[in-house]
Amino acid sequence: MKFASLGSGSEGNALLISTRSGLTCTTVMLDCGFAVRETERRLARLQLTPADISGIVVTHEHQDHVGGVFKFARRHRVPVWLTFGTFQAVQSHCDGVDLHFCRDGECLQIGDLEMSPYTVPHDAREPVQYVADSGVAKLGVLTDAGHATPYMITALGGCDALMLECNHDRQMLRDSHYPESLKRRIGGDYGHLSNEAAAEILAAMDKSRLKRVVGAHLSLKNNTPELALAALASVIQDGIDVTTACQEEGFGWLDVAGVS
Ligand SMILES: [Zn+2]
Ligand SMILES: [Zn+2]
């Protein structure tokens, strides 16, 4: 099982999770916040074409996550999974798309990948994040959450790899030129995870199998990769690989648990 990002941040997100068993390969796209052409261009960087995508799972209706989902899915006949709350926010864009509903706590199967949606606190209708399980390894994904909940920390326990939002440095956000209302939204209980909050989640979760952490959804204005890395590294032992995802490049294929 392996994962790669087409880009990560408030200007667009798309994560790819892929597993191979025998001759079959399953590749799930988690969110797609890029226009169709741009998504195709970014897929090509990973030697993928739209025909390689088995399905798209959606976390919530914000444009940086769904901006490209429905056009891409319609054009390339890719099925989409989303919560009913998210559907209510985007239904005018869904004509002609093969839609499937998912909900917190109920696994869904796409090819050889089992995806488990779990609820997170964020200012959207029915936001979820996902844990992907190939039967051999588990990848936890958590972005777009305003604060840590015990439920999230339990959901991520036992993952082999983790993609974890490090949206902002609290001091940089305080000092930024953003309007006060936007600062309150981002830093609020239903906004985004700071480096410090991400580190608290990482410190609290079951890390017995964890080998890799990728800091994600970094703000270009209110964070730096160095600050995010330092926060994550401060709560884990040596031997766990820590990197960050970037808006333009995302990151190339990384193995989950050292096996693909
Ligand atoms: Zn987002
Ligand atoms: Zn969001």
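This is a predicted model: local features need pLDDT of at least 70, side-chain atom pairs count only at pLDDT 80 or more; totals for chains, interfaces and linings use all residues.
**Exercise 1. The site of ligand 2**

*Solution.* Residues are numbered from 1 along each chain as its sequence is written, chains are lettered from A and ligands numbered from 1 in the order in which they are written, and side-chain values use heavy atoms, with hydrogens and water left out.

Step 1: list the donors, meaning N, O and S atoms within 2.8 Å of the metal (3.2 Å for Na, K and Ca), with the caution that water is not among the atoms, so sites may look incomplete.

Step 2: apply the angle criteria. Four donors count as tetrahedral if all angles lie between 85 and 135 degrees; four count as square planar and six as octahedral if opposite donors are over 155 degrees apart and all others between 65 and 115; anything else is irregular.

Step 3: Helices (H or I, at least four residues) and strands (E, at least two) are here DSSP runs, numbered from the N terminus.

Step 4: check the burial of this pair, where buried means under 20% relative accessible area, exposed over 50%, and partly exposed in between (1.4 Å probe, protein chains only). Both H60 and H122 are buried.

**Exercise 2. The site of ligand 1 and the bridging residue**

Identify the protein donors of the zinc ion (ligand 1) and the residue that bridges the two zinc ions.

*Solution.* Step 1: the protein donors of the zinc ion (ligand 1) are D64 (OD), H65 (NE2), D144 (OD) and H217 (NE2), which lie 2.1 to 2.3 Å from the ion.

Step 1: the arrangement is irregular, because the four donor atoms subtend angles of 91 to 160°. Along the chain, the donors are spaced D-H-x78-D-x72-H.

Step 2: the bridging residue is D144, and the zinc ion (ligand 1) and the zinc ion (ligand 2) lie 3.6 Å apart. D64 belongs to helix α2 and D144 to the loop between β10 (138-142) and α5 (150-156), so the pair ties together parts that are 80 residues apart in sequence. D64 and D144 are both buried.

**Exercise 3. Aromatic pairs**

Describe the geometry of two ring pairs, F3 with F251 and F87 with F101.

*Solution.* Step 1: rings of Phe, Tyr and Trp (its six-membered ring) pair if their centres lie within 6.5 Å; planes under 30 degrees apart count as stacked, over 60 as edge-to-face and the rest as tilted. Four aromatic pairs are found in the whole structure.

Step 1: F3 and F251 have ring centres 5.5 Å apart and planes at 80°, so the pair is edge-to-face. Because F3 lies in strand β1 (residues 2-7) and F251 in strand β14 (residues 251-255), the pair ties together parts that are 248 residues apart in sequence. Both F3 and F251 are buried.

Step 2: for F87 and F101 the centres are 5.2 Å apart and the planes at 75°, so this pair is also edge-to-face. The pair links helix α4 (residues 84-90), which holds F87, to strand β6 (residues 99-101), which holds F101, 14 residues apart. F87 counts as buried at 16% relative accessibility, whereas F101 is partly exposed at 47%. Ring pairs join F84, F87 and F101 into a cluster.

**Exercise 4. The open sheet**

Which strands form the open sheet, and in what order?

*Solution.* Step 1: two strands pair if DSSP finds at least two bridges between them. Seven strands, in the order β6-β5-β4-β3-β2-β1-β14, form the open sheet, with mixed pairing.

Step 1: β6 and β14 are the edge strands, each pairing on one side only.

Step 2: within the sheet, β4 and strand β5 (residues 80-82) run parallel and are joined by two bridges; V57 has W81 as its bridge partner in β5.
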